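Subject: Structure for your study

Dear colleague,

Please find below the structure that I am handing over to you.

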Amino acid sequence: MTPITTTRTRSREYFARAQQSLVEGVNSPSRGAAVYSPHPVVLERGDGSRVWDVDGNEYADFMMSFGALIHGHAHPRIVEVVSQTMAEGSHFAAATPAESEAAERFRRMVPSAEAVRFANTGSEATMLALRLARAHTGRTKLLKFEGHYHGWYDPYCLNGHSHPIEQIGTPENPAKIPDSEGIPAAVFDDVVLAPWNDVSALERVMREHGRELAAVITEPIMASMGCIPPRAGYLEKMSELAHHYGALFLLDEVVTGFRYAPGGCQQLYGLKPDLSTFGKALGAGFPIGAVAGPRGILDRMRWSDHMVLHYGTFNGHRLTLKVVAASLDLLSAEGTYQKLFAMGECAIAGLREVFRHRNIRALVQGFGPMFQIYFTERDAIDDYRDYCRYADTRKYSRFVHHLLDHGIYMTPSNGLHWIISTVHAEKDVEALIAAADQACAELA
Ligand SMILES: Cc1ncc(COP(=O)(O)O)c(C=O)c1O
């Protein structure tokens, strides 16, 4: 049976200390006491699929740095590349061979990438993509879907959190709810909000606003309310509608890129986005963002009086791009994605069986390397509105807190998702299934 983690005294002490100098003791609210009760598990070390907290407790990690650690912790090849590169200098903010080594590999894997521009985070990538789209189309407005997260740039920060269903308006007239204070209300005048996964709603919104839109931005698999796959044909229809009205189809693959296929969901679903954005798994644990697309759009960043400005001291960071190249080589090895999918399917099937046998109504949704558990009577959670109405997020949080006590590391936030990396093995999935069984017994 999975060992029970009993002592987190040092985690509690570290967290108390951290609160003296840091807001909420962390650097992003999702890591602190807003999500973990009574305090976060303070992590100190990682190796492969495992992490250890400051009290020495071991966990199988299924959060994997919100999906950034596609090869797990301290992968030997990544450690080797980092040590070699560091010894020669981490970054020059100058032209380097590392840039083309990473970019060439990137282009070989991502079908729509005639060219790529590297930034440092997914948020920077989506910020740049919108600027490019606006410059390219000469239009200002953006269509964003309810519940999708594209980083923390002002025009994306609305309806990214769940709210009681009575506050979110109707699908025909969704209420715009800012995710943050400090954003001028006028910013949202340029944002058209629509429900996701609904072709007729999209057709209606596009009829009304399509000709004013610079871009329609979407996650291919909605990953900010857990894991919500698109309905068959939905993304293809979205792309077609965007083009029909002269808007760019902007695919945000920050979560799905390099995870679902070498070329991300655009390869998996056969999509042809005008621009796509990447981050997370691309950096294998190092901060990265990227915008990819055709020359006709990316070349707008070329130096001129009319260029699209994108600067950054750390763009094309040498150490990071060396890691990117090494990581993409690892991902290109024969059988990598088959293994990721097989391991994910094994975890999904095992969890479904645990809930069935424990007689607990729970939905395990997703496929392959990414999935989420929803405590719900529903057979599917198809969009933001389903999530707000039907997902028992408190129960999920209690479930994950029990899992933490049984040696499984995961965030108790239902809006995130379970991640399978290339280093997860049968023993991790077995640990998860055994812990989930215990957690179900304790949930009652
Ligand atoms: C779909 C999507 N786009 C963009 C971002 C922003 O990426 P970052 O956190 O690297 O700024 C995220 C982050 O979770 C994301 O999930």
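**What was found**

The residues of the shell around the ligand divide into three nonpolar, five polar and three charged. Please keep in mind while reading that this is a predicted model.

**The ligand and its surroundings**

Which residues are around the ligand? They are Thr121, Gly122, Ser123, Tyr149, His150, Gly151, Glu219, Asp252, Val254, Val255 and Lys280. In Gly122 the atom belongs to the backbone, and it is 2.8 Å from an oxygen atom of the ligand. Ser123 contributes a polar side-chain atom, which lies 2.6 Å from an oxygen atom of the ligand. For Asp252, a polar side-chain atom lies 2.6 Å from a nitrogen atom of the ligand. On its own, the ligand has 390 Å² of accessible area, and the protein covers 81% of that area.

**The second largest pocket**

The second largest pocket holds about 470 Å³ of space. It is lined by 19 residues, of which Glu99, Val116, Arg117, Phe118 and Met301 are the closest to its centre. Three elements, α4 (97-109), β4 (115-119) and α9 (295-298), each supply at least two residues of this lining. How does the lining of the second largest pocket divide by class? It has seven nonpolar, four polar and eight charged residues.

**An open sheet and its hairpin**

Four strands, in the order β1-β2-β3-β13, form an open sheet with mixed pairing. Why is one side of β1 and of β13 (408-409) left without a neighbour in the sheet? Both strands stand at the edges, and each has a single partner strand, so one side of each remains without a neighbour there.

Within this sheet, β1 (residues 43-47) and β2 (residues 50-53) run antiparallel and are joined by four bridges. You can follow the pairing residue by residue: Leu43 stands opposite Asp53 in β2, and Arg45 has Trp52 of β2 as its bridge partner. The two strands form a hairpin with two residues between them. Gly48, in the turn, has a positive phi of about 65°.

**Two details of the backbone**

Is the peptide bond from Ser37 to Pro38 cis or trans? This bond is cis, with omega near -5°. Pro38 lies in the loop between α1 (9-21) and β1.

The other detail concerns Met64, which has a positive phi of about 50° although it is not a glycine. Met64 is placed in helix α2 (residues 64-67).

With kind regards

Technical notes:
Residues are numbered from 1 along each chain as its sequence is written. This is a predicted model: local features need pLDDT of at least 70, side-chain atom pairs count only at pLDDT 80 or more; totals for chains, interfaces and linings use all residues. Side-chain values use heavy atoms; hydrogens and water are left out. A residue is near a molecule or strand if one of its heavy atoms lies within 4 Å of it. A polar contact is a pair of N or O atoms within 3.5 Å; within protein, one must be able to donate a hydrogen and the other to accept it, and residues adjacent in sequence count only if both atoms are side-chain atoms. Accessible areas come from the Shrake-Rupley method with a 1.4 Å probe; for residues, only the protein chains shown count as cover. Ala, Val, Leu, Ile, Met, Phe, Trp, Tyr, Cys and Pro count as nonpolar, Asp, Glu, Lys and Arg as charged, and the others, Gly among them, as polar. Two strands pair if DSSP finds at least two bridges between them. On a 1 Å grid over the protein atoms alone, a cavity is a set of points where a 1.4 Å probe fits but cannot get out, and a pocket is an open set with protein on both sides within 12 Å along at least five of seven lines; lining residues have an atom within 4 Å of a point. Grid points are joined across faces, edges and corners, and a volume is the space filled by probe spheres set on the points.
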